[in-house]
Amino acid sequence: MMIHNPEIASLFNRYAILLDIDRANSFRVRAYRNAARTIENLPRDVGEMLAAGEDLSELPGIGKDLAHKIAAIVETGHFAELDDIEHRIPAALADLADVPGLGPKRVKQLYESLKIKSLADLAQAARAGKLRTLGGFGPKLEQTILKAAESRVGGEQRIRLAAAEQIAEPLVAYLKALRGVSKVIVAGSYRRRRETVGDLDILATAPTGAKAIDAFVRYDEVGSVLSRGTTRATVKLKSGLQVDLRVVKEESYGAALVYFTGSKAHNIALRLKGIKRRLKINEYGVFRKERWIAGRSEKEVYAEIGLPCIEPELRENNGEIEAAQSGTLPRLVTLEKIRGDLHTHTDASDGSGSIEDMARAAVARGYEYLAISDHAKHVGITHGLDARRLARQIAQIDRRNAGHRDLLLLKSAEVDILPDGKLSLDNAVLADLDLVIAAVHTGFTLNSETQTDRLIRAMDNPYVNIIAHPTGRLIGEREAYAVDMARLMQAAKERGVHLEVNGQPSRLDLSDTHCRMAKAMGLKLALATDAHNPESLGYMRYALDQARRGWIEAKDVLNTRRWPQLKKLLRR
Ligand code: DGT
Ligand code: CA
Ligand code: CA
């Protein structure tokens with residue numbers, strides 16, 4: 001079984017939580033958390049890196065010992081230490097630690113005093129009013145916990161888009177290599193680039209399905225086969241992800257692709273338009289009476305109902321069909337239009353590449369500029385730059401800019417927004433920067449009004465240009481902090497401040513719907529990766545995905561401009 005980065009990261013995270021519950025020393029707990037974060041953020045599979053003979057202990061937060069452990073996990077598919085600890089304490093305790101209101105200490109307390117071992121136990125105890133009897137718990141916390149526990153017990157499992165890619169890509173390559181199979185494509189929410197996917201819907205073309213289906217169910221990572229026929233099969237992979245495969249003939253490819261890309265709501269709307277023209281549209285084609293008239297390509301299918309082909313990211317029945325009808329579909333922004341990255345880190349703060357490493361990677365991507373935006377010093381931020389170190393970095397950037405014409409480095413910093421809305425660097429220092437990024441990294445629990453006021457106060461500072469990851473959510477891990485997005489956007493607009501679409505796979509913040517809202521308010525967005533190493537500049541496409549889902553065009557994006565125009569847009 002091939003094991004991928006997201007799974008290794010999740011093994012380490014799980015282990016860290018159980019260690020913490022087991023009261024191991026906090027240094028070890030942190031070491032595993034950091035390692036998980038490093039692995040999660042790697043743009044390449046560790047399995048691949050090991051196969052290429054690379055030394056994992058050179059990665060930040062990974063020492064010799066952890067490198068050995070990762071190698072063993074890749075080789076065996078098991079993490080022996082995790083198995084050990086799960087013999088000592090119930091494994092399901094790890095699912096409890098990230099329930100809002102709980103942490104390792106409280107989980108341990110619940111286990112010891114009420115024998116709570118799982119989410120189901122937790123929900124039951126909360127419902128019976130048993131939690132409020134414990135020290136440190138009250139009726140209000142009990143309610144919060146009950147709500148969270150209930151939503152998790154029955155909740156469907158969705159995985160992040162980037163994690164789905166790591167699983168889908170080798171499977172697609174495997175299917176493509178089969179004899180007789182020509183096209184292979186992942187449809188469904190994956191192709192629409194939703195931030196998370198429930199399952200993978202793979203479409204393949206072949207003269208007959210049987211051989212492809214046969215090979216599919218024998219794929220190395222298949223855990224169980226849920227159903228199988230001659231043209232379709234559904235399996236559950238060992239990673240837990242479900243995959244549907246459909247095999248169709250070439251002439252049905254376009255119709256099947258429209259059908260399986262969805263969304264369901266979009267399909268239904270298309271079918272209704274078809275019915276008005278006395279056409280039947282299904283996964284095999286477009287039919288008049290019983291006669292097949294189209295279906296080879298998506299374009300053909302849309303053309304039969306008088307529409308131009310609609311980009312997959314728009315197919316949510318959110319007005320795209322009407323826009324296609326009236327010729328007002330947006331021309332969605334593409335990667336080729338992006339001229340630079342507006343949020344990156346170096347080894348001066350918590351990144352792992354030097355300024356030169358980052359610059360070269362930006363040049364390789366064909367960028368014209370790159371913002372170096374290391375963290376400013378603040379509690380909770382490791383290696384943040386103080387005014388003196390930032391001044392040194394500014395001088396270093398000036399020197400490189402003077403000596404190179406390949407790329408313009410922008411002098412930037414990611415400054416913390418303090419609880420009162422002040423910033424963690426003085427204006428005298430901010431005045432020397434090309435681009436000031438402000439972000440919330442603490443105080444996630446403020447109420448919406450206070451949090452919104454805090455962010456607006458930060459934007460009152462005339463040096464602030466961009467609010468990074470404006471909601472602070474971490475997909476599947478942490479809810480957004482409470483904030484009045486309409487008021488925040490209005491205030492940004494009035495002040496000439498811009499909002500970021502952060503492309504870190506765990507963030508995607510602003511989200512698709514927030515992008516669309518920003519566009520409706522006339523805001524411009526900064527598409528950025530928040531890269532902490534040179535390869536993560538590649539996360540730009542994830543920022544693009546969500547922007548495109550939000551109907552964003554090149555003109556709505558700051559960093560589709562050349563620097564002189566961008567500089568004007570940044571002026572407040
Ligand atoms: P997911 O998997 O929850 O992330 O979302 P999808 O959109 O991938 O949904 P999924 O996997 O249930 O189905 C894949 C596509 O198949 C869906 O986007 C549209 C199509 N589809 C599924 N069920 C129906 C249906 O009942 N009617 C129509 N017209 N299309 C359907
Ligand atoms: Ca799906
Ligand atoms: Ca499906």
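Let's start with the second largest pocket. Its volume is about 330 Å³. Keep in mind that this is a predicted model.

What lines this pocket? The lining of the second largest pocket has 17 residues. Nearest its centre lie Arg192, Phe260, Gly262, Ser263 and Lys264.

Of the lining residues of the second largest pocket, three are nonpolar, seven are polar and seven are charged.

Which elements supply at least two residues each? Those are helix H11 (188–191), strand E4 (199–205), helix H13 (253–261) and helix H14 (264–276). H14 gives the largest share, four residues.

On to the metals. Take the calcium ion (ligand 2). Its coordinating atoms include Asp199 (O), Asp199 (OD) and Asp201 (OD), at 2.2 to 2.8 Å. The site of this ion has six donor atoms. The angles among them run from 68 to 162 degrees, and the site is irregular.

Next, the calcium ion (ligand 3).

Which residue bridges the calcium ion (ligand 2) and the calcium ion (ligand 3)? Asp199 does, and the two ions lie 3.8 Å apart.

Are Asp199 and Asp201 buried or exposed? Both are buried. For Asp201, the relative accessible area is 17%. Buried means under 20%, so Asp201 falls within that class.

The volume of the largest cavity is about 60 Å³.

Its lining is made up of Ala255, Val258, Tyr259, Asn267, Leu270, Arg271, Ile281 and Asn282. The elements giving two or more residues to this lining are H13, H14 and strand E8 (279–282). By type, the lining of the largest cavity divides into five nonpolar residues, two polar and one charged.

H13 and H14 each supply at least two residues to the lining of the second largest pocket. H13 and H14 also each give two or more to the lining of the largest cavity.

Terms used. Residues numbered from 1 in each chain as written. Chains lettered and ligands numbered in written order. Predicted model: local features only at pLDDT ≥ 70, side-chain atom pairs only at ≥ 80, totals over all residues. Heavy atoms only, no water. 1 Å grid on protein atoms, 1.4 Å probe; cavity = no way out; pocket = protein on both sides within 12 Å on 5 of 7 lines; lining within 4 Å. Points joined across faces, edges and corners; volume = space filled by probe spheres on them. Nonpolar A, V, L, I, M, F, W, Y, C, P; charged D, E, K, R; others polar. Donors = N, O, S within 2.8 Å, 3.2 Å for Na, K, Ca; no water. Tetrahedral: all angles 85-135°; square planar, octahedral: opposite > 155°, others 65-115°. Buried < 20%, exposed > 50% of the residue type's maximum accessible area, 1.4 Å probe, protein only.
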